[in-house]
Amino acid sequence: MSQSTSAWALKYRGATVEDLDPPPALSTKPTELISYALMNAYERDYSHLTVVSEETRALLGYLNIPRLKEMLKNGHVRETDHVEKAMQKFQRSGKVYKVITMDTPLEELEAFFTGGVNGGGPQDFAVVTDQNRRFVLGVATKGDLEEFVKRRPA
């Protein structure tokens, strides 16, 4: 086992993101109220929501719910503010994003979470899209990967 391969990788045995059975992404719009986005996240026990354009459905960014709770607690935003005030925007120009699809091997997903893919640093979650990045199919988290390893027979 190389240094870049974790002990988990031995348990993946060819599994892909599709084997995680990621829940469908829950998207919100920049003009929706933070309170509405929070309610939707709580109802489904989601830690991240994607933010999409109202006109084109293009992926604009995301809401990290634990971060949002901190922003509310510290008074940086209010529940009556729009999502756009609290969302983390994706940088479009000059940045290469790793495409994560249902066919992405779990070893690649783990590398993405630990910062090994594209040198972007550790990530909390991955937006799962089709190969052309036109449709958001789901969201996968490091916790999803951990749960997969726990329930995978040895």
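The legends below accompany several close-up views of a predicted model.

This is a predicted model, in which local features need pLDDT of at least 70 and side-chain atom pairs count only at pLDDT 80 or more, while totals for chains, interfaces and linings use all residues. Residues are numbered from 1 along each chain as its sequence is written, and side-chain values use heavy atoms, with hydrogens and water left out.

View 1. Helices (H or I, at least four residues) and strands (E, at least two) are DSSP runs, numbered from the N terminus. Followed along the sequence, these elements give the pattern α-α-β-α-β-β-α-β-α-β-β-α. Of the 154 residues in the chain, 39% are buried, where buried means under 20% relative accessible area, exposed over 50%, and partly exposed in between (1.4 Å probe, protein chains only). The chain exposes about 9300 Å², of which carbon and sulfur atoms supply 48%; accessible areas come from the Shrake-Rupley method with a 1.4 Å probe, and for residues only the protein chains shown count as cover. Among contacts with a separation of 6 or more, 58% are between residues 24 or more positions apart, a contact being heavy atoms within 4.5 Å.

**View 2. Four strands form an open sheet in the order β1-β2-β3-β4, with mixed pairing.** The edge strands, each pairing on one side only, are β1 (27–28) and β4 (88–89). Two strands pair if DSSP finds at least two bridges between them, and two bridges join β1 to strand β2 (residues 48–52), these strands running parallel. Helix α4 (residues 65–73) packs on the sheet, where it touches β2, β3 (59–64) and β4, and its direction makes about 65° with that of β3; axes are lines fitted to C-alpha atoms, for helices over the stretch in contact, and angles run from 0 to 180 degrees between N-to-C directions.

**View 3. Strand β2 is mostly covered, with five of its five residues buried.** On one side of β2 lie H48, T50 and V52, and on the other L49 and V51, all of them buried, so that both faces of the strand are covered. T50 in β2 is also the bridge partner of S27.

**View 4. N64 lies in strand β3.** With 11% relative accessibility, N64 counts as buried. A polar atom of the N64 side chain lies 3.1 Å from the backbone nitrogen of R67. Leaving aside residues up to four places away in sequence, N64 touches S47, H48, Q88 and D124.

**View 5. The structure holds two aromatic pairs.** Rings of Phe, Tyr and Trp (its six-membered ring) pair if their centres lie within 6.5 Å, and planes under 30 degrees apart count as stacked, over 60 as edge-to-face and the rest as tilted. The ring centres of Y62 and F125 are 4.6 Å apart and their planes stand at 65°, so this pair is edge-to-face. Because Y62 lies in strand β3 and F125 in strand β5 (residues 125–129), the pair ties together parts that are 63 residues apart in sequence. Both Y62 and F125 are buried. For F112 and F113, the ring centres are 6.0 Å apart and the planes at 55°, so the pair is tilted. F112 is buried, with a relative accessible area of 13%, and F113 is buried too, with 2%.

Notes:
A polar contact is a pair of N or O atoms within 3.5 Å; within protein, one must be able to donate a hydrogen and the other to accept it, and residues adjacent in sequence count only if both atoms are side-chain atoms.
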